Structure formats: C-alpha cells, structure tokens
Amino acid sequence: MTSERPAPVVPTATYRLQLQPGFPFEAAAAAVPYLASLGVSHLHLSPVLEAVPGSPHGYDVVDHARVRAELGGEEGLRALSRTAREHGLGLVVDIVPNHMAMAPRHNRALWEVLREGPKSPHARWFDIDWEAQGGRVLLPVLGGPVGEVIDELRVDGDVLRYYDHAFPLREGTEDLPLPRLLDAQWYRLGWWRLARTELNYRRFFSISELIGVRVEDPEVFDATHGKILQLLDEGVVDGLRVDHPDGLADPDAYLARLHEASGGRWTVVEKILADGERLPDTWPVAGTTGYDALRHVDGLFTDPSGAGELLELYRRFAAPQTDRGGDWAATVRRATYAVLRHELATELDRLTRAATRACAASPDPALRDRAPWALRTALEELLVRMEVYRPYVSGDAAAVVTEEAAAEARLAFVVPEEAGAVDVVRALVLGREDGPAAVEFRTRFAQTSSALRAKSVEDTAFYRYVPLLSANEVGGDPGRQGVSPAGFHAYCARVQRDWPLTGTVLSTHDTKRSADVRAALAVLTECPRRWAEVLEQVTHAEESVPDGQLAWAAWQTAFGLGPAAPERVREALLKHVREAGMYTSWTEQEPPYEEAVAAFVTAGPCGVPGERVAALREALAPHIRANVLGAALVQLTMPGVPDLYQGTEGEYLALVDPDNRRPVGFPPADAGAKDAVSAAALRLRRRYPDAFGAAAAYEPLPAEGPAAGHCLAFARSGRTVTAVTRLSLRLAEAGGWGDTRLTLPPGRWVDALHPGREFTGHARVEELFERLPVALLERVE
C-alpha cells in the first residue's frame, strides 16, 4: 500500500448502480458521461468482490481477495474508476462484512474448513458452534432425509457430489462405504428442513445459504478487508456502504477498526432506526444509508386522518382476517412469536445454551442452576418485546430491554417463582455479569434480536398488515403514519446538527416498492372512500378472491404500479403471500392457494376489472405527480447526502426484489418533469457544496395563509429554497391556495426549474407553483 493516502472525499450525491453479469463494470463506464452530466459526484456500486457465479446482487461473497471476474475483474473496476475520474466522479462501494456464501465449491475458505474441521486455519473465519451436531457442521442441502436420498450421492475422487453441490472429503475417507463415509466428515449432510431446528452456524436472518463471518477477529478482519482497503488506499474507491452491521458481534468495535484502517473515509451503515431511535453517537461513520430519511419524506405526503380511515375500511373489507392483520402491534407480536419458534428456532436454541453457560459460570447464586426451559421462555418473551433491532456496547441496554418489557414477560410464567428467569436474562443483557460466557451471551442476544426484528417485521408483518402498502417500507412504521411539517423540520434540524453527512434514500434494492409507487399509494390517504367505492365495484365484478387481505394488497399493488406486464404483478403477489406465511410460505408452499392467487391477479387487477383501478389512478394523476416531484425534490435538498437508485431520477415504478433489479437505460428514453427536477437539484448541490455540507444551515420557511399547511418549504444556507406541495388533493377540495404566501430569505431569487422567473421578499404560493407543484429557487444576489 502507498504511504500517503488520498484525503477523504465527501460526496455531494451518489448514484446507485446494480452490478451483475448482465451489467458489468464496462456497462457502468458507458453510463458515466450521462451520470456526470446529471450532477452526482459519485457512483455507488453494489458489491464488487467475487460472488457466487451468476449472482444478480453480489451479497453472496465467496472470495474477499478478488474483484469479481464476471463484472470485469480488478482491471475492469480500475478502468471504471479512471473513466469516472475523467468525468469528475468518484466511487463508493458496498461491502458485506457479516456473511459469505455457504457455497463450498466456490468458497475456498469454507471448503478447507469442511475438509479439515475446527483445526483448519480458516475455522476462525466462520461463526460455527462446534459443540453442537457432534462437532460437525450441519449442511441442510438434501431434498429429503439422508436415508431416502443416499443413492443420489456419489464420490468423485476426493469430492462428494449431490447434484450441483460439491463437498470435500476428509483425508483418508475416500474408500469408505458411503454410510460410513458420511459419518466420517467434518460436516453432516441433512434434509433442508433441518435448517429450522438443527443448524449450528450463524446465518444471515434465516437464509441458510449465507454463513456468518467473525470479523471481530483481527486476523479475519484483515483477510476479508485487505482488497477493499487496498482499493481505498490507492484511490480507486473513495467511500463505503456497510451492509447489515447489526449482524456483527460488536458493531462498535468493527466500525472503529474500519474507520482507522480506511483512513476515515466517508462511510455509511445500513442501519434501520426505529421511530425515535438514534444512531449511536460513538460510531465513527457519516451516518446511515438513509431509511430514516425515507420514513420522514414519505410521511410528509401521507394524510394521517385518511390513513386511519383506510384502516377502518380495510378491516371491514378483510373481516375474516382482521384477527391476524387489522392491528399493527398485535400483528407484529404474532409474527415475532411465529418467526422465533419456527424460522429462528435453531438460533433460539443456541442462545438458550449460551444463557445456560453464562448462568453456570456466574458467582451469583441467584443466576446459577436456572432451568434451560425457563431461560428459553424468558428469552422468547423478552425478544418478542424488543422494539429496536438490537442493543449495542455503546448504547444503554436498559433503554432497549426495559423493565416494562420484563414485567410483561414475567406474566408468561404459570409458576411465579420461575418468572425470576426473566430477571436473570435481563441482568445478563444489561451487562451485570462479566466473563467470557456472559460476553458471548450478550453477543448472541444482540445478533438474534437483529435477525428476529428484520425477519418478523420487514419480512412477515409488513405482508400481513396491509391497509396502506406505502407505509410498509424498510425503516417504516405502519402504526405511525404521517409526518407533519413541524415534525419533518425537527428531524432535518437534528440531522444537520448531528449527522450532516448521513445518507438519504427513497428507493433502494431493498425497498418493497419504489418511491414513485409509494407516492401514488399515499394519495389514497386523501381519498379513502373513493378507494373503497372502486374496490366494491371490482370485487363484485371479480368473485374469485382467495382472501380479503390478499385482494386489498393486490388492488393497491396494481394502483401503485400502474399499467405493467401481468407477470410482474403476479410474481410480486406470490412473494407477498409466501412472506406473509398465512396460507402458504417459502418452505411449505400450498400450490392450490398459490394457483388461486395467480388466477385472481390475472383476472382481477391485471384483467378487465383492473381497468377501473387504472381509471382512478388516471383521475388522480395530478396529485400523484405532486407527490412524486415533491418527495424527489425534498430528498435531494434536505440535510444529508442523497443516493439515487438507478433510474429514479426519472419516473421509476418498481416492486420488490427482483423486480427492482431490472436493467435501466442510460440516459432514460423519455425525460420528463422528474428528470428536470432531479438534475436541477443535483447541479445546485454540486455548484454549492458548502450550502449542503457539514457546516450548512437548514432554515424552515413557514407559509402564511389559508392553505399554509399544504406548503413545505426550507432554505439551505441562504443559497437555495425548496418548496413543495403536500396533500394536493385535500388542497384542491378545500378551494386551492387562495392568498397563501411564502416569505423568502433576503435576496433576489430565480427559479432554477424555469429560468426567467424571479421572486423577492415573498411569493404568492399559487404563483410559485404555477407551472409545477414544486419550486427550487437559487439566490443570485
């Protein structure tokens, strides 16, 4: 590595590109001239290290020492970097410290562990519980119990093969009869269903194909970060996005080590903050990837009273299912119990063993000799009451695992004396016990809590509670819909004060619906009864409805997406019902129900009845447009560093992965108002970096007059003014802007979207929004 590192660079705006074999580094380089003209400062690349062949995303890393060959290899990445710099752009890359692919034939480090066992030099890399499964790693890859599929296994030299799977043979076992050979390995091949109950390695959420990596070990950190640090050191890359730090044993220590090793490069973390939760202020990062900003921007364009009315209408429409999807808090609680007892049962087992060891090692007689079943119950009851992802070393665990939660948890015990297990577990979580066993327990508790929260809320409850789909977004809180202008301004003031260089996003590869789809759905909170009337019409027209919840979600999906190929809607709805897990699931698929879902989507939302929903969408088009443009402009000019997902500078209508990974064109074929708004805002950010940077100012600009609440406006460092229309349908129904006025900061202000228009002192809002429902002003003197 070079002795002198480039000085850390802070982006003014980033543009996310989804790299994959069909869109490699060369294709990204071809898009550079357009992206540079757009006004961003950096390309934000999805993971670039070697991944499972054919991977469409790159989060299944198999080799941290190599840049992915399918994308063009290291030379391709360096060529992209050179091209980007020739056009004034830098690179930010996504890194994946938490996990690697459980793909032995591609992951050579894992291959060695499976061949050599816990004495392998790479054994320290992976988070494996060698005390379980008789000291072997369970690999749940078989299509049935081993006795039923043994004839499908074959030995090929020193390799054991099962269809496309390949596993190393332990030295000296090649000539053993197959049953004995299977018992002689450092791994145990098992039926895929065993992943639920017997898995003995940490994984990503409940995805057994991704194995946890122990980056808390300094040697593992160095080995898995060497290539990325080299690229940073040599100026090929400028900044980092850290994927899922909540899965790590100690995010605090990891981020401190990364900060030091990277030379303090601009780094954001994919951290989901609950409503009111703050990012640990000791973390040496620029901030989050921006889901907290997404929640606040979306909330601006959601009418909370209309959202409440939608909920009541939904409860009546989906009456048979309201006991499982009509109350947000109850839905989350039921989903959390279900996930903990099924998908994450093996994680709960391991956590229970860790708690038992910690109790046995304690000098406190109140902790010793606690029955494992009581500890398991206490753990379960405390985990389901976690309202954030996890506690941190740097945080106050008492504010996360509260006494109120403990009091509720004690009620689950029939015998009051056994309820003391709750206090034992809470004492361990709060760090009142020292020693290796207690530390291991706290680590496992935090990691399990993180996986549970993500799986039960994002991947289950969001698909069961569907009154307003736009609220069911990563980082969102469907139980608290709508953000007032005052609430938004307070949030922005905190961001500018505490995390001015944090990331902001509206669409990502993980969002369940793109920002423009959500913007359309938010309009329904302004006309809930019109929505209910249309649903009544289409429901009578199409009687083959599998269930009320699914129908409500399907019609909203069609409304939000607009005209689209039926297969896109079908695939998204099939994923919806499998994630919900009420009538079918990924592991227990019910073909008759799924066939009914597909038939309903084709005949209903994508058929003739769907034309009525399309007609409503067309009638509401001006208000959808106001939301789309308003959300885009606010995100691009609010405090923080905005990240644009590929294609979202223009109209971008996408559903959940993999729909949102579809290729996009550069430049877009049909540029429209959103493209113009995006480019104008990005160019102002590039022209006046200090006006939006760490030392910038954020000034709310309250409107005055009869429709003041429908105008959200703010100034940045006295240099630019952003003004947008919110709840435009309610505004129109109330008679419009009238004499509503917006007082501007001192100076002469020109319209950055429509050159030639000027304002001084104040502006009549009706005139300000004469051509578009948004305005971006630049001070010229």
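Mentor: Leu727 is buried, at a relative accessible area of 8%. Buried means under 20% relative accessible area, exposed means over 50%, and partly exposed lies in between, with a 1.4 Å probe and protein chains only. This is a predicted model, where local features need pLDDT of at least 70, side-chain atom pairs count only at pLDDT 80 or more, and totals for chains, interfaces and linings use all residues. Residues are numbered from 1 along each chain as its sequence is written, and side-chain values use heavy atoms, leaving out hydrogens and water.

Now the backbone. Leu727 is not a glycine, yet its phi is positive, about 55°. Leu727 sits in the loop between strand 22 (720–725) and helix 27 (728–733). Helices (H or I, at least four residues) and strands (E, at least two) are DSSP runs, numbered from the N terminus.

Turn to His244. His244 also has a positive phi, near 45°, and is a residue other than glycine. Its loop runs between strand 14 (239–242) and helix 7 (251–262). His244 is buried, with a relative accessible area of 8%.

Next, the cis peptide bonds. One runs from Asp657 to Pro658, with omega near 10°. Pro658 belongs to the loop between strand 18 (641–645) and helix 25 (673–687). Another cis bond joins Phe666 and Pro667, with omega about -10°. Pro667 too lies in the loop between strand 18 and helix 25.
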